[in-house]
Amino acid sequence: MLSSGPGYQATSVSACATLCSKYVQDCYSFTYNRKSKLCTPGSRLISSATLFNSTLGRLYYVPGKYCDTSKVNFTIATNGSVSTCLWLSDILATYNDSLYKCQDLGSNLFTIKVPEKLNILLNAVKTFNVEYWIGLNDRDQEGVFRWVDDGSVWTKSFPLFAPYQPDNMLGEDCIQYHPIFYPINDYLCSHESRFICEMNLIG
Ligand SMILES: [Ca+2]
Ligand SMILES: [Ca+2]
């Protein structure tokens with residue numbers, strides 16, 4: 001099932017539905033994981049400043065903007081002045097298949113070009129103690145890490161990798177979030193893990 005994403009805790013599926021309709025003017029969709037109790041509101045237009053000024057509203061919604069939920073439940077995630085639309089897979093795939101899957105959804109693997117995006121990532125994955133592919137790799141040239149969305153080079157302007165990473169161990173070229181090699185590590189592209197897709201807000 002393709003259902004996960006950033007979210008918050010709710011005690012039941014109906015509590016999740018209630019929260020979604022409370023914080024979204026027009027709640028198109030939400031997902032609820034009964035095991036982890038993670039409630040992920042569908043991203044939809046929010047016009048009320050009152051709702052936006054609530055804590056959850058600020059975290060998950062941007063007035064006048066929303067995420068495309070036509071294929072999967074892309075959800076707004078915000079840190080500071082940066083907002084983006086995320087979808088976290090709960091299926092496993094190689095790096096290439098992850099990239100293709102995101103592109104099929106009209107998105108790309110998640111990028112971290114500003115520190116706020118690292119905070120968004122860490123907030124989104126903290127409930128799950130697993131790895132996620134992101135949109136950075138050095139497959140074309142060893143040691144030159146490029147973002148998959150525009151091919152730009154990672155500028156190293158802020159700390160991103162775990163200590164002693166990237167280490168290119170056994171020829172690792174693809175970048176993942178890793179709960180132990182925290183936050184970011186290079187790994188073998190043929191490895192299968194979850195992945196994070198991202199697209200721009202609409203509106
Ligand atoms: Ca490498
Ligand atoms: Ca490594």
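This is a predicted model: local features need pLDDT of at least 70, side-chain atom pairs count only at pLDDT 80 or more; totals for chains, interfaces and linings use all residues.

A: A disulfide here is a pair of cysteine sulfur atoms within 2.5 Å. Cys-102 and Cys-197 meet that cut-off, because their sulfurs lie 2.0 Å apart. The torsion about their S-S bond is -85°, and the link is left-handed. The two cysteines belong to distant parts of the chain, 95 residues apart. Cys-102 is in helix α4, residues 95–104. Cys-197 is in strand β11, residues 194–199. Cys-102 has 0% relative accessibility and counts as buried. Cys-197 is buried too, also with a relative accessible area of 0%.

The structure holds four disulfides. Another of them joins Cys-174 to Cys-189, with an S to S distance of 2.0 Å. Its S-S torsion is about 95°, so this disulfide is right-handed. Cys-174 lies in strand β9, residues 174–177. Cys-189 lies in the loop between β10 (184–187) and β11. The pair links distant parts of the chain, 15 residues apart. Both Cys-174 and Cys-189 are buried.

Next comes the pair Cys-67 and Cys-85, whose sulfur atoms are 2.1 Å apart. This link is left-handed, with -90° about the S-S bond. Cys-67 and Cys-85 are both buried.

Terms used: Residues are numbered from 1 along each chain as its sequence is written. Chains are lettered from A and ligands numbered from 1 in the order in which they are written. Side-chain values use heavy atoms; hydrogens and water are left out. Buried means under 20% relative accessible area, exposed over 50%, partly exposed in between (1.4 Å probe, protein chains only). Helices (H or I, at least four residues) and strands (E, at least two) are DSSP runs, numbered from the N terminus.
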